[in-house]
Amino acid sequence: MSADASPPTPAEVSSPGSMLTRASSITRALDQVGDKWCLLIIQEVFWGINTFNGMLEATGVSRGVLSERLKWLQKIDCLRKAPDIKGRRGGEYHLTRKSIGLHATAMMAIAWERRYFRTPTLDAVKLKHTPCGHVFTPSMRCRECDAAVDGRHVSYGPGVGATRDTRIKKVRRRSSISSSIVPSDRSIYRNLVDIVGDRWTANVIALAYHGYSRFYEFHRELPVATNILSDRLKVLEEQGVFGARAYQERPRRFEYYLTEKGWDLFPYFLTLLQWGDQWCDEENKGRPMSLEHSLCGSPLYGVVRCDHCDEKLEPYSVDITLN
Ligand SMILES: [Zn+2]
Ligand SMILES: [Zn+2]
């Protein structure tokens, strides 16, 4: 893994409330849909819940927050509201081409959640691939060599659209509500949502894939307050996504490394990156980062396949049975 760890110079930092960081399609995607409630709402719409009240009931969110997030998701073109048509109730929210593009992300989220958590609800979930008729587990493979994608076999370089993005310091507070109390039993990757649905936690994981491991390195790359960063590193350790080892005794300092569970989240993050490349490149400059698969030497593009017939999973070729 190579990490281009050039931090922005002081002149590049435009204001105390913001910071210029290396553009990444993961951070662009997270800034658009990485919020916990956005992830939960999109998930419900994927499962066919598309009214305001339906979502209110399913997510347990307050009216104010739900309506604010629905506005946001429409603004970024991830939901569209059906107009009132005579004889038909309008006001339903539908997926767009952009949000349907998050289907691969949902597939990898389910795969990770089922690998690490056992609950009766989760065990009852069946994913059926309609073209082959089999129950399957989603599997991400390299488009070129077909090997299973593993984040340890990836190197990074600047892409044609390499630039710096302004990241705003002011963020929503971490929601004190854990996804474990979300009422909907369609919410099948709630542990992942708890981890990824927090902006800084997700950003720290993304940096770890690039080889960053120490507190000051994370802090240099992210416009985050030190107490919040400490808290998020603790959460990642408690969740078993990171391990920690001391690299210095006086004062005692730790470096963080990804566990198997953390590396297994890589395909999920890669789907987010690919989605960000396709949908969050507002200036149309091209990919800000290029990824290479070290096993085959080709640019890395992960394809999510059915592990039974090896076909690529298309959004409308998967049936989900929840119980
Ligand atoms: Zn490959
Ligand atoms: Zn299949």
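**Figure 1. Close-up of the zinc ion (ligand 1) and its donors.** Donors here are N, O and S atoms within 2.8 Å of the metal. In this predicted model, the zinc ion (ligand 1) is held by Cys-142 through SG, Cys-145 through SG, His-293 through ND1 and Cys-296 through SG, at 2.0 to 2.4 Å. The angles among the four donor atoms run from 100 to 118°, and the site is tetrahedral. If you follow the donor residues along the sequence, their spacing reads C-x2-C-x147-H-x2-C. Cys-142 and Cys-296 link distant parts of the chain, 154 residues apart: Cys-142 belongs to strand β6 (residues 138-142), while Cys-296 sits in the loop between β11 (289-293) and β12 (302-306).

Figure 2. Let us look at how each one meets its surroundings. With a relative accessible area of 1%, Cys-142 is buried. Cys-296 has a relative accessible area of 29% and is partly exposed.

**Figure 3. Strand β1 beside strand β8**. Strand β1 covers residues 18-22, and five of its five residues are buried. Its partner is strand β8 (residues 164-168), and the two pair in the antiparallel sense over five bridges.

**Figure 4. Tyr-209 and its ring partners Trp-263 and Phe-266**. The whole structure holds nine aromatic pairs. One of them joins Tyr-209 and Trp-263: this pair is tilted, with 5.6 Å from centre to centre and 45° between the planes. Because Tyr-209 lies in helix α9 (residues 199-209) and Trp-263 in helix α12 (residues 260-263), the pair ties together parts that are 54 residues apart in sequence. Both Tyr-209 and Trp-263 are buried. Tyr-209 also meets Phe-266, with ring centres 5.1 Å apart and planes at 85°, so this pair is edge-to-face. Phe-266 lies in helix α13 (residues 266-279), so its pair with Tyr-209 in helix α9 ties together parts that are 57 residues apart in sequence. The relative accessible area of Tyr-209 is 1%, and Phe-266 counts as buried at 3%. Ring pairs link Tyr-209, Trp-263, Phe-266, Tyr-268 and Phe-269 into a cluster.

**Figure 5. Two arginines over tyrosine rings**. In one view, Arg-143 lies over the face of Tyr-301, at 4.3 Å from the ring centre. In the other, the charged end of Arg-214 sits over the ring of Tyr-247, 3.6 Å from its centre.

How values were computed:
Residues are numbered from 1 along each chain as its sequence is written. Chains are lettered from A and ligands numbered from 1 in the order in which they are written. This is a predicted model: local features need pLDDT of at least 70, side-chain atom pairs count only at pLDDT 80 or more; totals for chains, interfaces and linings use all residues. Side-chain values use heavy atoms; hydrogens and water are left out. Donors are N, O and S atoms within 2.8 Å of the metal (3.2 Å for Na, K and Ca); water is not among the atoms, so sites may look incomplete. Four donors count as tetrahedral if all angles lie between 85 and 135 degrees; four count as square planar and six as octahedral if opposite donors are over 155 degrees apart and all others between 65 and 115; anything else is irregular. Helices (H or I, at least four residues) and strands (E, at least two) are DSSP runs, numbered from the N terminus. Buried means under 20% relative accessible area, exposed over 50%, partly exposed in between (1.4 Å probe, protein chains only). Two strands pair if DSSP finds at least two bridges between them. Rings of Phe, Tyr and Trp (its six-membered ring) pair if their centres lie within 6.5 Å; planes under 30 degrees apart count as stacked, over 60 as edge-to-face and the rest as tilted. A charge sits over a ring if NZ of Lys or CZ of Arg is within 6 Å of the ring centre and within 35 degrees of the ring normal.
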